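Hi there,

Here is the structure I promised to pass on. Have a look first, and my notes follow below.

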Amino acid sequence: MKILVTVKRVPDPESSIKVNPEGTGIVESGLKWVVNPFDEIAIEEALRIKEAQGDVEVVVVSVGVSESQEQLRTGLAMGADRAILVKADRPDTAAVAKILVKLVEKEQPTLVILGKQAIDDDSNEVGQMLAHLLGWPQATFISKLTFAGDKASVECIREVDGGMETIAFALPAIITADLRLNEPRYASLPGIMKARKKPMEEIDAASLGVDLTPRVRIKKMAPPPARTAGRKVESVDELINALQTEAKVM
Amino acid sequence: MSDTLVNLRDIRFVLYEMLDVEALTKYDYFADYSKDTFDTVLEAAYKLAREVCWPSYAEMDRVGATFDAKTGETSVPKCMHRIWQAYKEGGWGGETAPAEVGGQQLPACVAAATSLMFNAANTAANMYVAGAGGAAGLILSFGSDTLKKVYVEKLYAGEWGGTMCLTEPQAGSSLSDVKSTAVKAKDGDHYLLTGTKCFISSGDHDLTENIVHPVLARIPGAPAGVKGISLFIVPKYRVGDDGAVGELNDVVTAGIEHKLGIRGNATATLNFGDRGECRGWLLGEPNRGLAYMFQLMNHARIGTGLQATSLASNAYQHALQYTRERAQSRKISEKDPASPQVPIIKHSDVRRMLLTQKATTEGLFALLAYAASLGDKELCSPDEAERLAATDMLDVLTPVCKAYGSEASYDSIVQAIQCYGGYGFSEEFPLAQMLRDCKVFPIYEGTNGIQALDLLGRKVVMKNGAAFKAVLDEISKTVAEASRVESLKDMAVKVAAASDAVGDVTAHLAGIAMGGDIELYMSAATPYLRMFSRLVISWLFLWQSTLAQKALEACAGDENYYKGKLGTARFYLNNELPHLHATVQILKNGERTALDFDEAWF
Ligand SMILES: Cc1cc2nc3c(=O)[nH]c(=O)nc-3n(C[C@H](O)[C@H](O)[C@H](O)COP(=O)(O)OP(=O)(O)OC[C@H]3O[C@@H](n4cnc5c(N)ncnc54)[C@H](O)[C@@H]3O)c2cc1C
């Protein structure tokens, strides 16, 4: 079996993000970049399947700038078998999904595992779009994955509003990982050294013959308004009044 | 609370731009590495430090290591087990160890960076790892094949813990007074040890199935003093030649210290051989023990500098974030009391405190990583002259790393707390713990007083002053380079003048020693060390400035970083370096008040 796992290069969630003066994006210089945390969970899940089933190849894939190699290397150090980098300049979610379709056609995986969303723009779209384009079953926001005895289908628990949903479906399929699916391992030193010898293929997005024209344009980016200081009120009445007339939340 | 721990950009500058770590990969020993792998290693270490080690920092202190007098068992805080597991799974215990014993052969200067991260996150925790690695290194260097086979891999892999047992109640600074004894057994290849060791870091715990103690002791009939001390490997539980752990080896924990800081690390008093059944195996030759131990100690002294610097780095990152957020008062020019208060980072006195910390932590990391890189050269340069030169430089710089590293770091954390005002004094914030933790570094691994004696009494005069002169020569090279950069000329002049002054006063002191007043000579040791350290740090800043200026001229991007580096260097040279000249004056004046002060007058 082959599992394709997506890995996106995103700013470290701990870094303080500033919008650039032109309001077209964020200031990228000096930022620390990491593997999207939900993608780490996706990698971990693929590795656990490999450890449980043996004959599984885990391929990590990233679409983006050449520096995304660093994040792919972390995936390899965690234990993935090989990596593919598709070089593309700021593709939007639709373009990423279309690129992934090409890779799926080429690699023929049984399972594609993605993080449920990337923590940079929180779009939460690629997995769904990919499933649609391929016409494959999908299970998003999963917190548990179990293979059926014949390994031809899986059962997933999805985290949905107000509860859990259990669904079963045939493979091949698309899965997007939620926070509680597992706790990802840390890259080990021996793992890092082994990763050096693992193959990393580079593909130019333009060579894949897909339409990369962005469908989404960022018109303006602005930081959320700064929080203003709180204020003490004298009585419940005054509080209710303030909530109604000033905050307008009641 | 800041989660930054250390300045990652500065670490990359030091490793890649200043020390050119990539060049090490041309040596066979490091050929498996590349810049990419170094990056991944740094990334992995930082992630582990921040996500696993740092969240337990407070718990290590609050819970601390505990000793149950009834059972005689020592336990570490629960969080420590998880950290140990993570270190073990990650292979971090064997970071720099050779591949043939399961290590990763990482260059020591890259390991200096990961050590900065791990110690910044949780230094008491990291000491358990360092202990095991230290014991393994000793056995690997000096042990018999059997000892190597039984112990080395297990220690690096984190299966077993390790310590270093030097100190005894009557032998702290004065190791020549060690009196533990080791008598050759009649029925085997081992010795029987008796004695008490105190203040033993990671001396007992429940992390591993065995703990391996390298112990200094005397064989009956050995010469008095340092020439009669041997080194033994003493396991807590006896081990068969097949590595199987057997019965207790008559090593008994009498208790652990209740300490000011690093409370998560068990500092144990160990009784060896109360029942006459404590077996130890001689390492190397008899009576050479202290020399062997010094291989480990020299390494550990740089490690101590790193521990201290890491805490100062973390404290600085906290202070930086805090002073950007805490609003208090207005600019002096603002007369309107109704105008909003400004973040305190806008006040020049706060910026002075921040710059002091920035200069201390960056200057010290440059020194420590440089020292580690000398170790890499010593290990793998094919050129014998280069290897010897590296050893000499390292000999001179080691006491600077340990003593100035620990002292300046402590002072730096004091400044960080000052930036926090009253909140810094509160245990609610982590800075108070950092200060408490940091106080041990001027004390252990040989007190800073002993380091100063080592520098002036041994290192400055060794090889007729050649090693010391080698450092001054390196400084001249950097000065020459910087003098060619227009905007750095004034800084180069300052460093050159400082170097000359240090050379001068060293010759002056040598005259005193040669004249026979050795007491006066040695009484200069601590001010001398501080003075020399300021020269060394200024030199490294000048070196860094040259690189930063070139990067700016080449428009390599990252302008704020490079301008910050130049400003920090200038701050150190303008504010810290001048103290050197005061010390020079004091030493030239033949200051001897402390020496002559009658004890009855105290
Ligand atoms: C937390 C902790 C962990 C430790 N871990 C270990 C360990 O793992 N293994 C180990 O073997 N030891 C360990 N030690 C012991 C440590 O190395 C000693 O405490 C240290 O060497 C000083 O010895 P002492 O405490 O006996 O002080 P003393 O030697 O009594 O020194 C007291 C003071 O006198 C000064 N002094 C002493 N002699 C001279 C001199 N000749 N000239 C000028 N000044 C002098 C010292 O500088 C110091 O200021 C640890 C100590 C602590 C606190």
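A polar contact here is a pair of N or O atoms within 3.5 Å; within protein, one atom must be able to donate a hydrogen and the other to accept it, and residues adjacent in sequence count only if both atoms are side-chain atoms. With that rule, five residue pairs, both at pLDDT 80 or more, are in polar contact across the interface of domain 1 of chain B and domain 3 of chain B. On the side of domain 1 of chain B that touches domain 3 of chain B, the residues divide into four nonpolar, no polar and three charged. Please keep in mind that this is a predicted model.

Some context on those domains. Chain B is divided into domain 1 (8–156), domain 2 (161–288) and domain 3 (459–597). Seven residues from domain 1 of chain B and eight residues from domain 3 of chain B make the contact, while the C-alpha centres of these two domains lie 32 Å apart. Between them, domain 1 of chain B and domain 3 of chain B bury about 740 Å², and carbon and sulfur atoms give 61% of that area. B:Arg9, B:Phe13 and B:Met18 lose the most area on the domain 1 side, together 73% of what that side buries. The rule also finds two salt bridges across this interface. B:Asp10 pairs with B:Lys565 in a salt bridge, with the closest N and O atoms 2.8 Å apart.

Now to the interface between the chains. Here 26 residues of chain B are in contact with 20 residues of chain A. The two chains bury about 2,000 Å² between them, 57% of it on carbon and sulfur atoms. In chain B, the residues that lose the most area to chain A are B:Thr40, B:Glu43 and B:Gln104, together 24% of what that side buries. Five salt bridges are counted between chain B and chain A; A:Arg73 forms a salt bridge with B:Asp36, the closest N and O atoms being 3.2 Å apart. Eight residue pairs, both at pLDDT 80 or more, are in polar contact across the interface of chain B and chain A. Both α2 (35–53) and α4 (78–90) of chain B supply at least two residues each to the side that touches chain A, and α2(B) gives the most, with twelve residues. That side of chain B divides into nine nonpolar, six polar and eleven charged residues.

Within the chains, a few salt bridges may interest you. The structure holds 56 of them over all chains. In one, A:Lys50 and A:Asp81 meet at 3.1 Å, N to O. A:Lys50 lies in helix α1 of chain A and A:Asp81 in the loop between α2 (68–78) and β5 (82–87) of chain A, so the pair ties together parts that are 31 residues apart in sequence. B:Lys463 and B:Asp392 form another, with the closest N and O atoms 2.8 Å apart. Since buried means under 20% relative accessible area, B:Asp392 counts as buried at 12%.

Lastly, one residue of helix α1 (residues 37–53) of chain A: A:Ile49. A:Ile49 counts as buried, because its relative accessibility is 6%. Among the residues that A:Ile49 touches are A:Met1, A:Val56, A:Leu111 and A:Phe147. A:Ile49 and A:Phe147 are 98 residues apart in sequence but 9.0 Å apart in space, C-alpha to C-alpha.

Best wishes

Methods: Residues are numbered from 1 along each chain as its sequence is written. Chains are lettered from A and ligands numbered from 1 in the order in which they are written. This is a predicted model: local features need pLDDT of at least 70, side-chain atom pairs count only at pLDDT 80 or more; totals for chains, interfaces and linings use all residues. Side-chain values use heavy atoms; hydrogens and water are left out. Domain bounds come from an automatic or database domain assignment. Contact means heavy atoms within 4.5 Å. Buried area is the accessible area (1.4 Å probe) that two parts lose on being put together, summed over both. A salt bridge is a side-chain nitrogen of Lys or Arg within 4 Å of a carboxyl oxygen of Asp or Glu. Ala, Val, Leu, Ile, Met, Phe, Trp, Tyr, Cys and Pro count as nonpolar, Asp, Glu, Lys and Arg as charged, and the others, Gly among them, as polar. Helices (H or I, at least four residues) and strands (E, at least two) are DSSP runs, numbered from the N terminus. Buried means under 20% relative accessible area, exposed over 50%, partly exposed in between (1.4 Å probe, protein chains only). Lists of a residue's contacts leave out its neighbours within four places in sequence.
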